[in-house]
Amino acid sequence: MRAEKDSPDLAIEVIWTSGGVDKRRLYAGLGVRELWEWKAGRIVVMVLRAGTYVVVPRSKVLPKLDLAVLASFVEKDDQTRAVREFRKTLRSRA
């Protein structure tokens, strides 16, 4: 296991298909503290505890980020426009 100071705080995995490499095990081996999985329009947050990922309701790394709002912008066709709209949304909430 890598030293905690060398490990990433966050990994984001986009899941399109099932099977293949066990990415959770890979990220756990790297010591990634928090894993977000985006699948079917939803972001699931997991934290590393005792070598495995456990689903939690909110990000520990970015606790103020509304992940449901973020997820609503992921599949927009025009990504430049989506980023602008997301930033506007964040500013309006500040």
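Modeller: Helices (H or I, at least four residues) and strands (E, at least two) are DSSP runs, numbered from the N terminus. Arg 91 lies in helix 3, residues 79-93. This is a predicted model, in which local features need pLDDT of at least 70 and side-chain atom pairs count only at pLDDT 80 or more, while totals for chains, interfaces and linings use all residues. Residues are numbered from 1 along each chain as its sequence is written, and side-chain values use heavy atoms, with hydrogens and water left out.

Biologist: Why does Arg 91 count as exposed?

Modeller: Exposed means over 50% relative accessible area, buried under 20%, and partly exposed in between (1.4 Å probe, protein chains only). Arg 91 has 58% relative accessibility, so Arg 91 is exposed.

Biologist: What makes the contact between Glu 13 and Lys 23 a salt bridge?

Modeller: A salt bridge requires a side-chain nitrogen of Lys or Arg within 4 Å of a carboxyl oxygen of Asp or Glu. For Glu 13 and Lys 23 the N to O distance is 3.2 Å, and the pair is a salt bridge. The pair links strand 1 (residues 10-14) to helix 1 (residues 23-30), 10 residues apart.

Biologist: Why is Glu 13 called buried, and why is Lys 23 called partly exposed?

Modeller: Glu 13 has a relative accessible area of 12%, and is therefore buried. Lys 23, at 34%, is therefore partly exposed.

Biologist: How do you know that Glu 37 and Arg 24 form a salt bridge?

Modeller: Their closest N and O atoms are 2.9 Å apart, which meets the criterion. Glu 37 is in strand 2 and Arg 24 in helix 1.
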